[in-house]
Amino acid sequence: MLLRIKKLNKSFVVPVLKNLDFELHEGEVHALLGSNGAGKSTLCNIISGIHTADSGSFEYCGLPYTPNSLQAAEALGICMVMQELNLFPTLSVAENLYFRSMSDRFGIVQHQAIQRRAKKALQTVGLNYIDPAQPLSQLGVGQQQLVEIASVLQRPIRLLILDEPTSALTGPQIDLLFEQIIQLKKQGIGVIYISHRMDEISRIADRVSILRDGELVATKAVADISTDRMVQLMAGDESTSIDMKESIDQSHLPNNSILLKVENLTRRTKNQSGGDSGFENISFNLNAGEVLGIGGLIGSGRTELLRAIFGADQAHKGCIRLASDGFKTRRIMKSPADAISHGIGMLVEDRKSQGLLLSHSVSKNISFAILDSLNKKLGVVDQSAEQDLAESMSKKLSIQCDSMQQPISLLSGGNQQKALLARWLAIDFSILLLDEPSRGVDARAKNQIQALIRELAAMGKAILIVSSETQELLKVSDRIAVMSNGRLAGIFKTTELSEEKLLEASFCFYSSEDNQSKLANARI
Amino acid sequence: MPESKLKSRIQLPWNSLGLVAVLIVLIIFFGTMSEYFFSAVTFRTLVNQIPALTVIAVGMTFVLLIAGIDLSVGSVMALCAAVMGILVIDHQAPIAVALIGALLMGLACGTANGFVSAKWRIPSFVVTLGMLEIARGGAYLVTNSETKYLGDSVGFIGSPIAGLGVSAALIAAILVVIIAQWVLSKTLFGRYMIAIGTNEEAVRLSGVNPLFWKVLVFALAGLLAGLGGIFQLSYLQSADPNSGIGLELAAIAAVVIGGTSLSGGRGSVVNSFLGVLIIAVMQAGLAQLGVSEPSKRIITGMVIIAAVLFDQFREPLGRFFQRK
């Protein structure tokens with residue numbers, strides 16, 4: 001037995017963990033599953049010494065263990081890779097890898113030595129083509145995540161905690177990560193694995209513990225439990241599993257009523273490392289009542305395309321045409337305000353840095369995009385109308401919060417995301433762009449968001465959705481446009497598309513005459 | 001629902017009440033230490049000194065709310081007073097015209113600050129540092145580096161109204177505080193300011209153009225610096241190109257004591273006004289106790305740091321009291 005926890009209690013004003021028992025064997029991958037706020041992160045924070053428990057007994061490697069700081073836990077071989085990256089973008093990859101051991105005893109950085117070591121470390125996570133001397137900021141988010149994992153693997157570990165390690169990774173990167181985890185298992189290292197992705201849990205974990213409201217609901221061998229059962233246990237008794245098939249059947253395309261035409265849209269920018277990013281010559285039509293998924297690897301230009309349609313960045317060439325004026329005007333959206341005035345809304349990829357107004361309440365976040373229409377006179381905000389709007393939205397999207405006046409920072413990720421969705425539902429939109437709408441959201445909220453997307457389509461709205469989860473794309477989209485290396489690889493009917501075919505299309509413009517480094521860059 | 005409404009209503013003034021408590025403690029302290037503190041002279045000194053700092057602190061509160069800073073207010077104030085001075089003395093302009101001239105000068109400086117920093121994304125620290133020099137130079141230029149004496153012609157603004165005991169300037173300054181607090185908590189503009197200070201990119205991606213609102217905030221700060229210049233000029237009854245040196249720091253200190261965050265997104269105009277009062281009472285009280293200028297400055301500095309320290313632990317303290 002590597003770790004044994006008995007009757008763990010922890011409160012932050014309210015109890016977060018209640019009488020929790022937890023065990024981890026050597027060489028075991030133990031998945032933690034639960035909605036946001038179920039207590040997974042708190043448990044891991046206690047094990048890794050960030051927080052201290054209120055009560056409970058700990059046994060680690062057969063000895064009593066009182067984790068009281070991150071450093072103390074690390075000295076005992078307990079390491080955690082957190083969901084949010086703890087890296088320094090302006091320092092080099094090598095300096096990030098050896099942040100605490102990069103200098104000699106006089107404080108002089110040993111560039112040669114750490115770069116040599118970094119080369120080896122990067123190989124373990126498949127980043128052998130990365131130059132350790134280059135600044136970390138030149139790497140993609142997925143690559144940065146792998147650097148973080150590589151840095152942990154350099155230390156003498158016995159217990160590794162991975163908190164949503166795959167949220168920014170693509171399929172092949174995940175495969176590589178899992179190979180590493182299997183290696184760790186062979187060395188007898190215990191792994192605690194937090195993820196919202198059920199397929200990953202059934203793939204890599206030996207056992208799964210399901211938490212709900214700070215209590216342990218069940219610990220089961222993964223082989224003995226179905227994913228449906230896991231969701232049920234997470235959600236509790238009042239579990240309402242939404243039948244997606246039914247809602248999809250309702251949405252038949254209203255006879256070819258095109259809302260948006262995208263013609264040869266192009267935006268190419270050089271990133272700092274000199275590589276191309278962006279997209280070129282993208283053309284497609286978007287119909288009313290349709291969900292068009294955009295598939296492809298991270299860095300294939302999906303987010304950039306959405307941002308250009310929305311005017312968050314300006315397209316360089318090509319145009320979009322809208323049904324509102326009979327497709328007469330060639331447009332390039334100059335700003336989000338421009339796009340919104342034409343009935344286009346966009347849920348952005350990173351809700352914390354680009355969406356949420358953390359100092360505002362839930363209701364103020366919901367009303368923000370239509371605030372000027374809540375203007376009584378003299379620019380005074382009509383607060384009762386605002387309250388009504390927020391309450392009707394929160395009912396519609398079942399946002400869980402104490403009141404509409406609660407600061408949005410106190411809500412769970414899923415509820416924050418729903419509030420941001422509500423911001424866009426409040427505007428008079430006909431086209432909604434969604435960039436990773438269910439990233440970092442618990443399984444239940446994810447189901448609700450996906451059902452809502454179908455519902456909106458059934459109401460005749462046109463939805464464009466980017467998602468890194470193939471399952472999600474296949475589930476909600478009518479058609480899927482696959483992007484590869486900034487180009488459109490094809491548009492497929494979802495019914496005719498398999499996961500393999502989607503992946504194949506995602507790679508099609510990387511392996512051709514394009515240079516190999518580009519391939520490597522995009523894949524990992 | 002009603003319970004949470006009550007909570008939010010209690011939470012906000014907790015900070016104000018704390019500042020009022022500090023103010024009362026200061027007044028009692030100086031009152032017991034010095035027999036002259038509760039006197040008409042002390043009162044008049046206080047009342048005459050604060051209007052300029054008050055309106056400038058209001059402008060500074062807005063600027064800090066959007067995560068900017070305005071270092072130029074002291075110089076802009078001197079420039080506006082100088083413009084008013086030469087309009088009255090050298091051009092025999094009517095007082096009303098001179099007043100408008102001073103306000104327009106402030107508005108122009110503020111708009112320039114806002115436009116340059118928001119349009120080209122230059123930190124407002126740098127732009128307003130430049131404006132600090134430009135406006136000071138301008139003040140010397142228009143006055144030929146001489147103090148312009150205006151005498152009694154402008155005294156009606158700054159001197160106490162008979163029977164009331166307070167000046168028109170003070171009444172105007174308090175009105176500015178009330179209106180600004182109303183704008184901040186009730187209007188679209190207020191909402192946008194807090195949002196820009198919290199997450200400007202999210203504001204842009206919600207279809208609101210931050211540029212306009214940011215320029216407006218700096219323009220207002222400039223306008224209020226102009227108003228402060230008018231108050232200062234009527235109090236001194238002269239336009240001194242050397243006036244207002246270091247005033248920007250006093251204004252920032254008052255705003256920070258009032259609990260407004262330097263990183264934007266959180267602040268209150270009323271609390272800034274309480275900050276101004278705390279600084280003014282402390283200055284007057286220490287002077288009466290015969291504390292030397294160097295010691296006064298050291299004590300003021302320590303109070304500023306203590307206020308920010310206190311603010312840092314405000315939330316845990318608030319939770320502590322609420323639980324009781």
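Author: Chain B has 14 helices and two strands, where helices are DSSP runs of H or I with at least four residues, strands are runs of E with at least two, and both are numbered from the N terminus. Please bear in mind that this is a predicted model, in which local features need pLDDT of at least 70 and side-chain atom pairs count only at pLDDT 80 or more, while totals for chains, interfaces and linings use all residues. Residues are numbered from 1 along each chain as its sequence is written, and chains are lettered from A, with ligands numbered from 1, in the order in which they are written.

Reader: How do you know whether the radius of gyration of chain B agrees with that of a compact globule?

Author: The rule for a globule is 2.2 Å times the number of residues to the power 0.38, and the radius is taken over C-alpha atoms. For 324 residues it gives a value near 20 Å, and chain B has 20 Å, so the two agree. The C-alpha trace of chain B spans about 65 × 55 × 35 Å along its principal axes.

Reader: And what does the rule give for chain A?

Author: With 524 residues, a compact globule would come near 24 Å; chain A has 24 Å, so this chain agrees with the rule as well. Its C-alpha atoms fill a box of roughly 75 × 55 × 50 Å. Chain A comes to 19 helices and 19 strands, and is divided into domain 1 (3–235) and domain 2 (244–523), with bounds from an automatic or database domain assignment. The centres of these two domains lie 31 Å apart, taken over C-alpha atoms.

Reader: What makes A:Trp424 count as buried?

Author: A count of neighbours. A residue is buried if 20 or more other C-beta atoms, placed from the backbone, lie within 10 Å of its own, exposed if 12 or fewer, and partly exposed in between. A:Trp424 has 21 such neighbours, so it counts as buried. The residue lies in helix α15 (residues 413–426) of chain A. Leaving aside neighbours within four places in sequence, A:Trp424 is in contact with A:Gly345, A:Leu347, A:Ala369, A:Phe429 and A:Leu432; a contact needs C-beta atoms, again placed from the backbone, within 7 Å.

Reader: Why is B:Ser145 called exposed, then?

Author: B:Ser145 has 10 C-beta neighbours inside 10 Å, so it counts as exposed. It is found in the loop between α5 (124–143) and β1 (148–149) of chain B, and has a positive phi of about 60° although it is not a glycine.

Reader: What is B:Ala67 called, with 19 other C-beta atoms within 10 Å?

Author: With that count B:Ala67 falls in the middle class, and is therefore partly exposed. It sits in the loop between α2 and α3 of chain B, and its phi, near 65°, is positive too.

Reader: What makes helix α11 of chain B mostly covered?

Author: Of the 11 residues in α11(B), 247–257, 10 are buried. Among them are B:Leu247, B:Ile252 and B:Val256. The buried residues pack against α2 (40–65), α3 (73–89), α12 (269–288) and α13 (293–312) of chain B. After α11(B) comes B:Gly259, with a positive phi near 90°. Across chain B, buried residues make up 48% of the 324 residues.

Reader: Why are α7(B) and α8(B) called roughly perpendicular?

Author: Helix α7 (residues 168–186) and helix α8 (residues 188–198) of chain B pack at about 70°, with axes 5 Å apart; axes are lines fitted to C-alpha atoms, for helices over the stretch in contact, and angles run from 0 to 180 degrees between N-to-C directions. Angles under 35 degrees are roughly parallel, over 145 roughly antiparallel, 65 to 115 roughly perpendicular and the rest oblique. The pair is therefore roughly perpendicular. B:Val183, B:Leu184, B:Ser185 and B:Lys186 of α7(B) meet B:Phe189, B:Gly190 and B:Met193 of α8(B).

Reader: Which element gives the largest share of the side of chain B that touches chain A?

Author: Here 23 residues of chain B are in contact with 27 residues of chain A. The largest share of the chain B side, six residues, comes from α8(B).

Notes:
Contact = placed C-beta atoms within 7 Å.
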